[in-house]
Amino acid sequence: MDSAAIVGVGMTAIEKNKIRDGFADMAWEAVNLALADAGMSIDDIDNVVTTSNDFWDGRTISCMAVSDASGAREKNVSCVEGDGTFGAFYGLTRILSGSYGTTLVTAHSKGSESVSSLITNAAFDPIYERAIGMDMVSACAMQANAYMHRTGTTAEQLARVSVKNHGNAMHNPKAQLPMEITVADVLASEMICDPLHKLDCSPVSDGCCAIIIAGKDRVSDTAKPPVWIKGTAFCADAYHLGDRDLSRAPALTRATKKAFDMAGITDPVTQIHVAELYDAFTYQELMWLEAMGLCADGKAGPLLETGAFDIDGRLPVNASGGLLSGHPVIAAGLIRMAEVVRQLRGETGGVQVKNPTVGVAHGVNGLCGQSHCVWVLSSEF
Amino acid sequence: MSSLLKQVEPMVYSSQISVPYTWWAGDTAGRFLKTLRDEQTIMGTRCESCNRVFVPPRKTCPACFTENETWTAVSDEGTVVSFTVARRQLAAIAQKVPVIYALIRLDGADTALLHTIAQADPDDAKIGMRVRACFSKKAGATINAISHFVPID
């Protein structure tokens with residue numbers, strides 16, 4: 001097997017607090033939506049990869065708690081701890097190995113059930129760093145300062161990302177935070193950690209996403225046209241923040257180059273039509289765009305201000321509203337993939353980009369973008 | 001969710017995970033922490049292959065994939081390579097906000113150490129500022145044996 005496609009996607013609404021749904025309830029909803037989308041039954045699924053994080057879920061071997069609701073019983077089910085894009089990568093390799101014709105990949109989390117600051121503080125090294133008291137927000141604020149210092153990107157440009165993505169979410173019924181806001185609103189919102197205001201940060205969210213990947217010989221009987229996986233790669237940077245130049249993302253640059261090479265993308269500016277990037281914070285959308293070569297280094301902010309990344313712009317970025325409009329960690333990157341699939345099928349209604357055939361989706365795992373997974377997807381074989 | 005269930009009162013089970021845990025520091029971090037406690041000296045390890053000095057010290061060089069066998073003392077003064085001022089009292093923060101967090105590259109080191117800056121106006125914090133470590137004997141052999149950094153001219 002040398003080629004595969006995404007043939008089904010399903011996701012729950014992204015919400016602040018799904019008080020009526022446990023992890024398995026969310027998985028059940030997303031998996032059944034994905035099966036219906038693909039025109040498949042659970043019997044058509046050859047193997048399952050679930051993606052979750054034990055500490056976020058507050059239980060050991062959290063992935064197995066959703067295996068029943070994912071239809072994994074009596075199947076080969078395996079788990080990935082990290083972003084859903086990494087689960088999808090594993091799911092794809094299982095098909096390319098020739099062992100399976102289809103893989104169901106799920107990813108879930110409920111940020112509402114714990115305390116995100118304490119969970120992400122535990123990502124720091126317990127001997128050298130944890131007692132300092134940092135978490136994901138303060139660490140990323142430090143990265144934002146480093147990036148802005150090096151490139152001259154302004155607070156207003158960061159705010160503009162928030163305005164764009166929350167505005168896009170107005171047309172996405174599954175988004176948690178659709179909002180018509182202004183740059184002034186973002187800059188006037190509470191300063192959490194300099195330079196990140198509340199509206200520069202993604203919210204804490206609950207949600208689950210499921211996708212079905214099929215090998216080339218299993219795509220003919222699916223309900224909708226397959227979305228082909230043209231290239232994918234992931235790459236990690238050093239663990240300790242102090243070992244890296246936080247103002248840059250060389251691991252993302254490497255992962256993107258590999259994925260683009262695989263997909264035959266030589267001029268991303270013209271060949272990529274839609275992008276869903278991991279905008280956990282406003283600055284990240286700009287920083288990732290530059291690291292991926294989707295615009296020149298240090299130029300994402302000024303380009304954003306010209307409307308280049310709007311839905312009708314040169315490269316629509318996070319037309320779905322992105323993570324700023326709803327951020328269930330773990331599921332986050334898989335949702336980016338699902339949104340690109342829906343764009344390439346022309347299914348996204350009010351946020352539909354005009355006739356895209358090639359899109360890029362991106363997932364992140366680790367503090368300040370330690371590792372990145374990049375996917376190039378296309379409606380054309 | 002079935003519409004029948006909309007009549008059901010949402011139930012929640014409140015609990016807490018509290019598990020005692022012991023992380024052995026290992027030889028490398030152990031020596032670093034002991035030297036901090038006993039001598040108020042900040043030590044790093046050097047990669048003989050790329051010549052970079054790691055502070056805090058690492059047993060292996062992430063770039064060269066070789067073992068760092070050389071120890072070297074570095075200065076207790078350094079330069080802020082990035083920082084943030086935490087304004088909201090996030091749950092992980094032990095002190096009262098505002099707290100200045102910084103990555104500090106000590107003189108003689110090639111990597112930056114994560115710590116806090118105190119006795120400074122948060123609005124004066126900036127990339128490139130010079131700082132010096134202050135030590136605390138009561139913190140024992142922990143990273144808080146450096147209690148914080150202070151600005152220097």
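Predicted model: local features only at pLDDT ≥ 70, side-chain atom pairs only at ≥ 80, totals over all residues.
View 1. H6 of chain A covers residues 155-168, and H10 of chain A covers residues 282-291. Their axes come within 7 Å and cross at roughly 100°. On the H6(A) side, look for Gln157(A), Leu158(A), Ala159(A), Val161(A) and Ser162(A). They meet Thr282(A), Tyr283(A), Glu285(A) and Leu286(A) of H10(A). Sort the residues of this contact by kind and you get 5 nonpolar, 3 polar and 1 charged.

**View 2. An open sheet of 9 strands runs through chain A.** Walk across the sheet and you'll pass the strands in the order S3-S2-S4-S7-S1-S8-S11-S10-S9, with mixed pairing. Which strands sit at the edges? They are S3 (76-81) and S9 (274-276) of chain A, and each of these pairs on one side only. From one strand to the next, the twist averages 25°. As a reminder, strands of a sheet pair through backbone hydrogen bonds, and they can do that either parallel or antiparallel.

**View 3. Strands S2 and S4 of chain A run parallel.** Now we pick out one pair from the sheet. S2 of chain A takes in residues 47-52, while S4 of chain A takes in residues 102-110. How many bridges join S2(A) to S4(A)? There are 5 bridges between these two strands. To get your bearings, find Thr51(A), which stands opposite Ala107(A) in S4(A).

**View 4. Helices H1 and H8 of chain A each lie across strands.** Start with H1(A), made of residues 23-38. H1(A) lies across S1 (4-11), S4 and S7 (206-215) of chain A, and runs at about 130° to S1(A). Then move on to H8(A), residues 250-263. H8(A) lies across S8 (227-236) and S11 (371-378) of chain A, running at about 150° to S8(A).

**View 5. Chain A meets chain B.** Here 35 residues of chain A are in contact with 33 residues of chain B. Helix H4 (116-121), helix H5 (136-151) and strand S5 (191-193) of chain A each supply at least two residues of the side of chain A that touches chain B. Which element gives the most to that side? H5(A) does, with 7 residues. By kind, the residues on the side of chain A that touches chain B split into 19 nonpolar, 9 polar and 7 charged.

**View 6. Chain A on its own has 12 helices and 11 strands.** Its radius of gyration is 19 Å, close to the 21 Å that the globule rule gives for 381 residues, so chain A is as compact as a globular protein of that length. Its C-alpha atoms fill a box of roughly 50 × 45 × 35 Å along the principal axes. Of the 381 residues in chain A, 64% count as buried. Take the contacts in chain A between residues at least 6 apart in sequence: 77% of them join residues at least 24 apart.

**View 7. Chain B on its own has 1 helix and 8 strands.** From the N terminus on, the elements of chain B go α-β-β-β-β-β-β-β-β. A compact globule of 153 residues would have a radius of gyration near 15 Å, but chain B has 21 Å. The C-alpha trace of chain B spans about 70 × 40 × 30 Å along its principal axes. Buried residues make up 36% of the 153 residues in chain B.

Definitions and conventions
Residues numbered from 1 in each chain as written. Chains lettered and ligands numbered in written order. Pairing = 2+ DSSP bridges. Helix = DSSP H or I, 4+ residues; strand = E, 2+ residues; numbered from the N terminus. Axes fitted to C-alpha atoms, helices over the stretch in contact; angles between N-to-C directions. Contact = placed C-beta atoms within 7 Å. Nonpolar A, V, L, I, M, F, W, Y, C, P; charged D, E, K, R; others polar. Rg over C-alpha atoms; globule rule 2.2 N^0.38 Å. Buried ≥ 20, exposed ≤ 12 C-beta atoms within 10 Å, placed from the backbone.
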